[in-house]
Amino acid sequence: MKTSFLMPILAIASSLPLSAQPAFAEDLVMLKGDVKVVRTVVEEGKERSMLAAPTDVVPGDKLVFATEYHNTGAKAVENFVVTNPLPAAVRLADTSGGFDVSVDGGKIYGNLASLTVSDDVGSARPAQYSDVTHIRWTLARLAPGERGTLTYTAFVR
């Protein structure tokens, strides 16, 4: 049975990112969120991956979430923080994107291996990809006019 997750995924893309700090920097740095699905295509007998619009996604599909940033101000911005919630419909795929993660709704951040969660009986266990609730990048310095893209990958649950 094929279930479409199009509406939640499109809603997610339109809401990214959740926040940017510090407050004055929000006026200087423009942010734009996007999401694509990874598809495998065969061309001339060879498989390759490509990114496509998420018109129809199903559990197990791999998604690439992107946040473009652009410092539109005349001054550099120091320690710019971009925080994105991880949509409930997806599970983080890896932690290689240069970001910290949270498993408690965005209260505490760190690398996944250093975080713990409570299991069903109240004991602490190591956090897993499926426990991640938020992702946070800290950009040390954004020069005037500087732009770039922050990405992470996730699987549809």
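**Exercise 1. Strand β7 and its partner**

Task: In this predicted model, strand β7 (residues 100–102) pairs with β10; find the sense of the pairing and how many bridges it has.

Solution. 
- Step 1. β7 and β10 pair in the antiparallel sense, over 3 bridges.
- Step 2. Look at one position. Aspartate 100 stands opposite arginine 136 in β10.
- Step 3. Check the side chains of that position. Arginine 136 and aspartate 100 form a salt bridge, with the closest N and O atoms 4.0 Å apart.
- Step 4. Arginine 136 is in strand β10 and aspartate 100 in strand β7, so the pair links distant parts of the chain, 36 residues apart.
- Step 5. Classify their accessibility. Arginine 136 is at 26% and counts as partly exposed. Aspartate 100, at 30%, also counts as partly exposed.

**Exercise 2. The other partner of β10**

Task: Work out how β5 and β10 are joined, and which salt bridge involves arginine 141.

Solution. 
- Step 1. β5 (77–85) and β10 (residues 134–142) run antiparallel and are joined by 8 bridges.
- Step 2. Take one of the bridges. Valine 77 has leucine 142 in β10 as its bridge partner.
- Step 3. Turn to the side chains. Glutamate 78 and arginine 141 meet in a salt bridge at 3.2 Å, N to O.
- Step 4. Glutamate 78 lies in β5 and arginine 141 in β10, so this pair ties together parts that are 63 residues apart in sequence.
- Step 5. Glutamate 78 has 42% relative accessibility and is partly exposed. Arginine 141 is partly exposed too, at 48%.
- Step 6. The structure holds 6 salt bridges. Another of them joins the side chains of aspartate 34 and lysine 36, at 3.7 Å.

**Exercise 3. Isoleucine 135**

Task: Is isoleucine 135 buried or exposed, and which residues does it touch beyond four places in sequence?

Solution. 
- Step 1. Locate the residue. Isoleucine 135 is found in strand β10.
- Step 2. Apply the cut-off: buried means under 20% relative accessible area. Isoleucine 135 is at 0%, so it counts as buried.
- Step 3. List the contacts. Beyond four places in sequence, isoleucine 135 touches Val82, Thr83, Asn84, Leu86, Leu92, Phe99, Asp100, Val101, Tyr109 and Tyr152.
- Step 4. Compare sequence with space. Serine 102 is 33 residues away from isoleucine 135 in sequence, yet the C-alpha atoms are 6.4 Å apart.
- Step 5. Widen the view. The largest nonpolar core has 29 residues, and those touching the most other members are Leu63, Leu92, Val101, Val132, Ile135 and Tyr152.
- Step 6. Name the sources. β2 (29–43), β4 (62–71), β5, β6 (90–92), β10 and β11 (147–156) each give two or more residues to this core.
- Step 7. Compare valine 132. Beyond four places in sequence, valine 132 touches Leu86, Leu92, Val101, Ser102, Val103 and Leu112.

**Exercise 4. The open sheet**

Task: Find the strand order of the open sheet and its edge strands.

Solution. 
- Step 1. The sheet has 5 strands in the order β3-β2-β4-β11-β6, with antiparallel pairing.
- Step 2. The edges are β3 (46–52) and β6, each pairing on one side only.
- Step 3. Neighbouring strands are turned by 35 degrees against each other on average, with direction ignored.
- Step 4. Inspect one pairing. β4 and β11 are antiparallel, over 9 bridges.
- Step 5. Pick a bridge there. Threonine 67 has leucine 150 in β11 as its partner.

**Exercise 5. Aromatic pairs**

Task: Which geometry does the pair of phenylalanine 65 and tyrosine 152 have, and which does the pair of phenylalanine 99 and tryptophan 137 have?

Solution. 
- Step 1. Count first. The structure holds 3 aromatic pairs.
- Step 2. Phenylalanine 65 and tyrosine 152 are stacked: 4.8 Å centre to centre, with 5 degrees between the planes.
- Step 3. Phenylalanine 65 lies in β4 and tyrosine 152 in β11, so the pair ties together parts 87 residues apart in sequence.
- Step 4. Phenylalanine 65 is buried at 1%, and tyrosine 152 is buried at 3%.
- Step 5. Phenylalanine 99 and tryptophan 137 are edge-to-face: 5.6 Å centre to centre, 75 degrees between the planes.
- Step 6. Phenylalanine 99 sits in the loop between β6 and β7 and tryptophan 137 in β10, so the pair ties together parts 38 residues apart in sequence.
- Step 7. Phenylalanine 99 is buried at 8%, and tryptophan 137 at 2%.
- Step 8. Join the pieces. Ring pairs link Phe65, Phe99, Trp137 and Tyr152 into a cluster.

Methods:
Residues are numbered from 1 along each chain as its sequence is written. This is a predicted model: local features need pLDDT of at least 70, side-chain atom pairs count only at pLDDT 80 or more; totals for chains, interfaces and linings use all residues. Side-chain values use heavy atoms; hydrogens and water are left out. Helices (H or I, at least four residues) and strands (E, at least two) are DSSP runs, numbered from the N terminus. Buried means under 20% relative accessible area, exposed over 50%, partly exposed in between (1.4 Å probe, protein chains only). Contact means heavy atoms within 4.5 Å. A nonpolar core is a set of buried Ala, Val, Leu, Ile, Met, Phe, Trp, Tyr and Cys residues joined through side-chain atoms within 4.5 Å. Two strands pair if DSSP finds at least two bridges between them. Axes are lines fitted to C-alpha atoms, for helices over the stretch in contact, and angles run from 0 to 180 degrees between N-to-C directions. Rings of Phe, Tyr and Trp (its six-membered ring) pair if their centres lie within 6.5 Å; planes under 30 degrees apart count as stacked, over 60 as edge-to-face and the rest as tilted.
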